[in-house]
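Dear colleague,

I am passing on the structure below, together with notes on what a search of it turned up. Please read the notes with the model open beside you.

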Amino acid sequence: MDAILVINAGSSSLKFQIFSVAGYDLFRQIRGQIDGIGVRPRLRATGANGEALIDQRFAPEDVPDLPSAITETRTWLNGLKRFRIRAIGHRVVHGGPDYDEPVLIDPSVLKLLASYQDLAPLHQPNNLAPIQLAIEIAPDVPQVVCFDTAFHRCHDEIASSYALPSAFYEEGVRRYGFHGLSYEYITGRLGEIAPDAAAGKVIVAHLGSGASMCAVSDGCSIESTMGFTALDGLPMGTRSGQLDPGVVLHLITAKGMSVDAVSDLLYNESGLKGLSGQSSDMRDLLASNNPRAAFAVDHFVYRSGMMAGMLAAALGGLDAFVFTAGVGENSPKIRALITEKLGWLGVEIDHAANKAGATCFSTPASSVALYVIPTDEELVIARHTLAVVSKGVQL
C-alpha cells in the first residue's frame, strides 16, 4: 500500500501519521506519537478505526531526547510491512522570508532552514532533526517541508513591518505569524461547517502550550498575534508572549544577564509557568487552589481578550470566533472566560452547549458565532506533500 508519512516534531514530543494514497485521495491509516520525552516517554498509536496498535512506556534514560524518540518510532514503523512510504511530509515552524509554500527538501533548502534556528529555538532544531535522519536512512524517498509561517505571507507590508529602518525588513526582520498549518486547516473546515461565517471576518484562537490568534478575512490571514518569532503575542506555557523590548535591554544591562540566559528565561521559564511558579499546564492551574495559579489563568484570559479586540479592529468587525488546539478544544472554562471578555462585540455564549463541547456554542441572538473545531495539522501536511511530489515524482 502506497503511503505518505507525516512527521510533526516538537520539543518534547514526536507526532506521526500515515496516510494511504489512492490517486489524489488520502486515507488516514495510523495516528501516533511518542511524548514525555526524557521524563515519561510513551509511544502510542491507533489505527484507522481507532483501535490501539501500540502503547509502550519507556524508562526516561532509554528515550532521553528527540533522536532516541525518532529511533524508537522508526523501529516500530519499520515493522509495518503493509506500507510503502513514498514520501515524507514535515512541519517546519519558520520559513523565513524565502518560503511561502511547501517545498521539496534538498541540501540547499536544509541549509537555509537551519539558518533560522535562532528565530525558533524551541522548534526549528527539532523540526529539522528527523529530516536529516530520513535523508541518511532513505535518501531516495522525497521529503516535503510545510511551513507554519506560509499561511500568513498574504499580510500586507504595513501589517508585517516593524517601525525600524526599511533595510531590516529587506533582511527578513518582519512580522511572520505562526501556527499557519493549524489556521489553514481550521479555515477550510469552517468553510465546510459554516460557509457564510468562513467568508466573513473570523478570529481563530490556537490555544495550546504554544498559543496565538489569527485574524482571517475571506479565508486569508491579515494579522496575527505572533510576529518575528514564536515568542510574541499571548502568554504561553513557558513563553512570555508580548514584551516591551526595553525589558530585554534591562535584563542584559542592569541585571547582567547573558543573551543565552535571557533566551532561556523568555522561552522556558516564563508564561504560565513563570506567572504561577507552579506549572505550564493549564489543566494543573485550573485545578489548583494556589492564588498564583489563578493569577496566571486570569492573566492569560485578560491578554487573550485584549488581543482579540486588536484583531477585531484589524478586521473592522467580527462574524465568528473559533477555538482550537489543546486548551481551546478541551477547556470549556477557558472558552467561557475568554468569550465573556468579548461581550462588547455582541458575543453571547450558550453555556450548556459550551460544556457539552458542541461545535457551535453561541446563542441564536449572538452577533458573533462561536465555534470549537479540532485542528488537524498533519492532514494539511499530507495534502501538501502529495501535491508537491505528484508534480515530479511517481507515487
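**Notes on the model**

His179 is buried, with a relative accessible area of 8%, where buried stands for under 20% relative accessible area, exposed for over 50% and partly exposed for what lies in between (1.4 Å probe, protein chains only). His179 belongs to the loop between helix H5 (166–170) and helix H6 (180–193), helices (H or I, at least four residues) and strands (E, at least two) being DSSP runs numbered from the N terminus. Although His179 is not a glycine, its phi is positive, at about 60 degrees. Asp218 also is not a glycine and has a positive phi, of about 50 degrees; Asp218 is found in the loop between E10 and strand E11 (220–224) and is exposed, with a relative accessible area of 56%.

Before going further, please keep in mind that this is a predicted model, in which local features need pLDDT of at least 70 and side-chain atom pairs count only at pLDDT 80 or more, while totals for chains, interfaces and linings use all residues. Residues are numbered from 1 along each chain as its sequence is written, and side-chain values use heavy atoms, with hydrogens and water left out.

**Charged pairs**

Eleven salt bridges come out of a search of the whole structure, a salt bridge being a side-chain nitrogen of Lys or Arg within 4 Å of a carboxyl oxygen of Asp or Glu. One of them joins the side chains of Asp376 and Arg28, at 2.6 Å from N to O. Asp376 sits in the loop between strand E13 (369–372) and helix H16 (377–392) and Arg28 in strand E3 (residues 25–35), so this pair ties together parts that are 348 residues apart in sequence. Asp376 is buried at 7% relative accessible area, whereas Arg28 is partly exposed at 25%.

Asp35 and Arg44 likewise meet through their side chains in a salt bridge of 2.6 Å, N to O; here Asp35 is buried, with a relative accessible area of 18%, and Arg44 is partly exposed at 29%. In the salt bridge between Asp148 and Arg91, the closest N and O atoms are 2.7 Å apart. That pair links distant parts of the chain, 57 residues apart, with Asp148 in the loop between strand E8 (143–147) and helix H4 (157–160) and Arg91 in strand E6 (residues 84–92). Asp148 is buried at 1% relative accessibility, and Arg91 is buried at 11%.

**Nonpolar cores**

The largest nonpolar core has 43 residues, and those with the most contacts inside it are Ile203, Leu207, Met213, Phe300, Phe321, Ile334 and Ile338; a nonpolar core is a set of buried Ala, Val, Leu, Ile, Met, Phe, Trp, Tyr and Cys residues joined through side-chain atoms within 4.5 Å. Among the elements that each supply at least two residues of this core are strand E9 (201–207), strand E10 (211–217), helix H12 (291–315) and helix H14 (332–340), and the largest share, ten residues, comes from H12. Leaving aside residues up to four places away in sequence, the residues that Leu207 touches include Leu234, Phe300, Phe323, Ile334 and Ile338, contact meaning heavy atoms within 4.5 Å. Apart from this core lies another, of 33 residues, including Ile4, Val6, Ala197 and Val389.

Phe323 and Phe361 form a tilted pair, 6.0 Å centre to centre with 45 degrees between the planes. Phe323 is buried at 0% relative accessible area, and Phe361 is buried at 0% as well. Ring pairs link Phe321, Phe323 and Phe361 into a cluster.

Finally, Val262, Leu266 and Tyr267 are buried in helix H9 (residues 259–268). Seen down the axis of H9, its buried residues fall within an arc of 115 degrees, so they line one face of the helix, the arc being that of the directions from the helix axis to the C-beta atoms. Helix H8 (245–253) is included in what covers the buried residues of H9.

With best wishes

Conventions:
Rings of Phe, Tyr and Trp (its six-membered ring) pair if their centres lie within 6.5 Å; planes under 30 degrees apart count as stacked, over 60 as edge-to-face and the rest as tilted.
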